[in-house]
Amino acid sequence: MPFLVAGMVVFGLLCLVNLVLTLAVIRRLREHTEQLVALKAGDPAEVLLATGTSLPVFEAESVDGETIDSRVTSPEVVALLSTECSVCLDQLPDLVGLITDRRVDRPAAVAVIMGDDSAQAEQLVEKLRPIASVVRQPWGGPIEKAFQARAFPAFYLASEGVVRAASISVMELDRPVSA
């Protein structure tokens, strides 16, 4: 009987040590998760072109066959969207509202959709085609490289070839009140 009691005490201590170690691992995993979320979210200022910098020079062909040259038509609104980004699709109504509220004509509103052909890509193209020059490019395309895009979506307001506002959220851009 004393061996049984001693065995139960040792087993209980092992269970207690296991519980303490498990709680320590869980705490550490929570810390790592918080750090990963912070890294993934990043500071938008670090992944977007800074206000006051020149818009990159780019030339591309729209889905309608138009040539878009940033040296000829200085874009006022530029949206960089990804086919793999659910937030891009969620912000689509706000982007359409921004372009409409600012009364930006079609050549000065440029929407660049990067990624593979998919139903989401077609949805983005169809919603933006009436109000913006839409460009489809694969990952690593020239416009993505020109803007050094590291986060999607990315929205820019510009005038005279200079970035006036940049954000990963349309709602954070300066949006005039409709009259």
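How many helices and strands does the chain have? I looked this up before anything else. The model is a predicted one, and I counted six helices and seven strands in the chain.

**Entry: order and overall form**

I read the elements along the sequence and got the pattern α-α-β-β-β-α-α-β-α-β-α-β-β. I then looked up the radius of gyration, which is 25 Å for the chain; the globule rule gives 16 Å for 179 residues, so the chain is more spread out than a compact globule. The C-alpha trace spans about 90 × 35 × 35 Å along its principal axes.

**Entry: surface, burial and contacts**

I noted an accessible surface of about 10800 Å² for the chain, with 60% of this area belonging to carbon and sulfur atoms. Of the 179 residues, 37% are buried. For contacts with a separation of 6 or more, I found that 68% join residues 24 or more positions apart.

I also looked up the charges.

In soluble globular proteins, nonpolar side chains tend to be buried together. I searched this chain for such groups. The largest nonpolar core holds 24 residues, and the ones with the most contacts inside it are V77, L81, L95, L98, I99, L128 and F155. At least two residues of this core come from each of β3, α4, β4, α5 and β6. Helix α4 gives the largest share, four residues. I recorded a second, separate core of 21 residues, with V47, I68, A154 and A158 among them.

**Entry: helix α4**

Given that share, I turned to α4, which covers residues 92–101. Which residues of this helix are buried? I listed L92, L95, G97, L98 and I99. The elements that cover these buried residues include β3 (77–82), α3 (86–90), β4 (109–114), α5 (119–128) and β6 (154–159).

Most residues other than glycine have a negative phi. I noted two residues that depart from this.

R103 follows α4 and is found in the loop between α4 and β4. Its phi is positive, near 55°, in a residue other than glycine. Is R103 buried or exposed? I put R103 down as exposed because its relative accessibility is 71%, and the cut-off for exposed is over 50%.

E160 is not a glycine either, and has a positive phi of about 55°. I located E160 in the loop between β6 and β7, the latter being residues 162–167. With a relative accessible area of 75%, E160 is exposed.

**Entry: Q137**

I looked up Q137 next. Q137 lies in strand β5, residues 133–137.

What is Q137 in contact with, leaving aside its neighbours within four places in sequence? I wrote down A60, then V112, I113, M114 and G115, and also P142, I143 and E144. Of these contacts, V112, I113 and M114 fall in the range of β4, residues 109–114.

Key: Residues numbered from 1 in each chain as written. Predicted model: local features only at pLDDT ≥ 70, side-chain atom pairs only at ≥ 80, totals over all residues. Heavy atoms only, no water. Buried < 20%, exposed > 50% of the residue type's maximum accessible area, 1.4 Å probe, protein only. Contact = heavy atoms within 4.5 Å. Rg over C-alpha atoms; globule rule 2.2 N^0.38 Å. Areas by Shrake-Rupley, 256 points an atom, 1.4 Å probe, with all protein chains shown as cover. Core = buried A, V, L, I, M, F, W, Y, C linked by side-chain atoms within 4.5 Å.
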